[in-house]
Amino acid sequence: MDSIKKTLPKTYIRKHVLQEVELALTHFKDLKPAMEDYVYNDGKKKNLLNLKGIIPVTYKETTYNIPICVWLEENYPQSAPICYVKPTHNMMIVKQDFITSNGEVMLPYLEEWKQGECDLVSLLQVMVITFEDSPPVCMRPPPLPESSCWWQFLKAQIYSKSDGTFCLSLANEDSRPHLQDKETNC
């Protein structure tokens with residue numbers, strides 16, 4: 001927290017932001033504050049404060065760690081934080097009404113943000129409750145082994161013959177088509 005106190009620009013409402021961040025970190029111990037470049041949709045970059053890490057979410061009696069990043073713009077708390085779900089390499093985003101395909105969190109709490117009524121801890125609690133009803137990430141399915149029947153099917157090609165019949169061709173291991181129907185001379 002001391003490093004954030006030293007690096008937080010004076011453009012932030014420093015005392016208020018630091019109090020909220022400190023309180024959030026007492027409730028969500030796996031979040032870490034940092035000053036990093038945020039890239040806006042128009043390509044502009046700005047060095048902003050963020051809280052990055054995991055929040056615990058219980059879904060069907062099992063606790064999952066949901067990776068998130070919450071960005072605070074310089075005019076926070078007048079403006080709502082910008083929140084993202086940040087899936088690891090073995091996770092994928094489950095697009096829903098409140099999660100965009102790039103992982104941005106679009107909760108009504110954020111859309112109706114009011115200074116003095118809304119705060120960082122409440123936002124994180126709303127995210128936990130929402131994610132408990134409908135998790136924003138799931139495990140990425142493992143890749144299919146190339147030797148599986150499904151993989152062979154994906155490599156299959158169907159050819160139509162001049163007599164109106166069809167012929168199935170499977171690829172060899174070197175991905176060259178291998179004709180399977182010798183009786184019909186495909």
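I began with D37 and found that it stands opposite N47 in strand 2. The model I am reading is a predicted one, and I keep that in mind for each entry below.

Next I looked up the strands around this pair: strand 1 covers residues 31-39 and strand 2 covers residues 45-59, and the two run antiparallel, joined by 9 bridges.

Is Q96 buried or exposed? I recorded a relative accessible area of 17% for Q96, and because the cut-off for buried is under 20%, Q96 counts as buried. I also looked up what Q96 touches, and, with neighbours within four places in sequence left aside, its contacts are S134, P135 and P136.

For the last entry I turned to the protein as a whole, where I counted 5 helices and 9 strands, and wrote down their order along the sequence as α-α-β-β-β-β-β-α-α-β-α-β-β-β. Of its 186 residues, 34% count as buried, and the accessible surface comes to about 12,000 Å², with 54% of that belonging to carbon and sulfur atoms. Finally I noted that, among contacts with a separation of 6 or more, 43% are between residues 24 or more positions apart.

Definitions and conventions. Residues numbered from 1 in each chain as written. Predicted model: local features only at pLDDT ≥ 70, side-chain atom pairs only at ≥ 80, totals over all residues. Heavy atoms only, no water. Pairing = 2+ DSSP bridges. Helix = DSSP H or I, 4+ residues; strand = E, 2+ residues; numbered from the N terminus. Buried < 20%, exposed > 50% of the residue type's maximum accessible area, 1.4 Å probe, protein only. Contact = heavy atoms within 4.5 Å. Areas by Shrake-Rupley, 256 points an atom, 1.4 Å probe, with all protein chains shown as cover.
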